[in-house]
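Welcome! Here is a short tour for anyone meeting this structure for the first time. Have a look at the picture, then read on.

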Amino acid sequence: DEKSKQRLIERFKSIIPEDFEILAHHMTINLGEIDPKYEKFLEWNVRLSVDDFAMDDKVIAVGVSGFQSDNAKPHITLAVNKEIGGKPAMSNKLTDWKKLKRPLLITGKVTEVEFK
C-alpha cells in the first residue's frame with residue numbers, strides 16, 4: 001500500500017543513488033496469470049517483514065517474509081538504474097543480502113496485476 005511504500009523509501013533513501021528510479025510497488029508472488037494455489041488469497045491484506053537488502057550498480061531490492069512467493073528469494077525491487085540497463089528482474093540475481101538490525105513491517109494487498 002502507499003503508506004508502506006513511503007515508509008520503505010524513507011527507511012532506505014540514504015542508500016538509493018540519485019540516478020536510480022524508485023519503484024517499491026510490489027512483491028511478485030508468481031509470473032503470468034495467478035497460480036490457482038494463490039487465488040484464495042486475492043484481496044487479502046497481508047503484513048510483510050522487510051528483513052534484509054541487496055544491491056549492485058543496477059538494482060536495489062529488499063528481502064521480505066510473511067507471504068509465499070514462487071521467487072527463490074521473496075523481495076521488493078526498491079530502485080533500478082535504467083540509464084545503465086538496470087531492470088527490476090535483475091533483483092532475482094542479487095546474492096549479497098545484508099540483514100537489517102531492525103526489520104520493517106509493511107502491509108499490502110494480494111492482487112493480480114497485468115504489467116506491460
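Five strands build an open sheet, arranged in the order 1-4-3-2-5, with antiparallel pairing. At its edges are strand 1 (21–22) and strand 5 (98–109), each of which pairs on one side only. Please keep in mind that this is a predicted model.

Inside the sheet, strand 3 and strand 4 are joined in the antiparallel sense by five bridges. If you want a spot to look for, find Ile60, which stands opposite Ala79 in strand 4.

Now bring in helix 1. This helix lies across strand 1, strand 2, strand 3, strand 4 and strand 5, and runs at about 160 degrees to strand 5. Ser4 is a residue of helix 1 (residues 2–12). Is Ser4 buried or exposed? Its relative accessibility is 6%, so Ser4 counts as buried, the cut-off being under 20%. Leaving aside residues up to four places away in sequence, Ser4 touches Ile106 and Thr107.

Next come the aromatic rings. How many aromatic pairs does the structure hold? There are four. A pair of rings is described by the distance of the centres and the angle of the planes. Two of the pairs involve Phe41, and they are set out here.

| Pair | Centre to centre | Angle between planes | Kind |
|---|---|---|---|
| Phe41 and Trp44 | 4.7 Å | 90 degrees | edge-to-face |
| Phe41 and Phe67 | 5.3 Å | 90 degrees | edge-to-face |

Why is the pair of Phe41 and Phe67 called edge-to-face? The planes of the two rings stand at 90 degrees, and an angle over 60 degrees counts as edge-to-face, so the pair gets that name. This pair also links distant parts of the chain, 26 residues apart. Phe41 belongs to the loop between helix 2 (36–39) and strand 2 (45–55), while Phe67 belongs to the loop between strand 3 (59–65) and strand 4 (75–80).

Trp44, with a relative accessible area of 44%, is partly exposed. Together with Tyr38, the residues Phe41, Trp44 and Phe67 make up one aromatic cluster.

One last stop takes us to another ring. What sits over the ring of Trp97? Look for the charged end of Lys73, which is 4.7 Å from the centre of that ring.

Terms used
Residues numbered from 1 in each chain as written. Predicted model: local features only at pLDDT ≥ 70, side-chain atom pairs only at ≥ 80, totals over all residues. Heavy atoms only, no water. Phe/Tyr/Trp six-rings, centres within 6.5 Å; stacked < 30°, edge-to-face > 60°. Buried < 20%, exposed > 50% of the residue type's maximum accessible area, 1.4 Å probe, protein only. Helix = DSSP H or I, 4+ residues; strand = E, 2+ residues; numbered from the N terminus. Lys NZ or Arg CZ within 6 Å of the ring centre and 35° of its normal. Contact = heavy atoms within 4.5 Å. Pairing = 2+ DSSP bridges. Axes fitted to C-alpha atoms, helices over the stretch in contact; angles between N-to-C directions.
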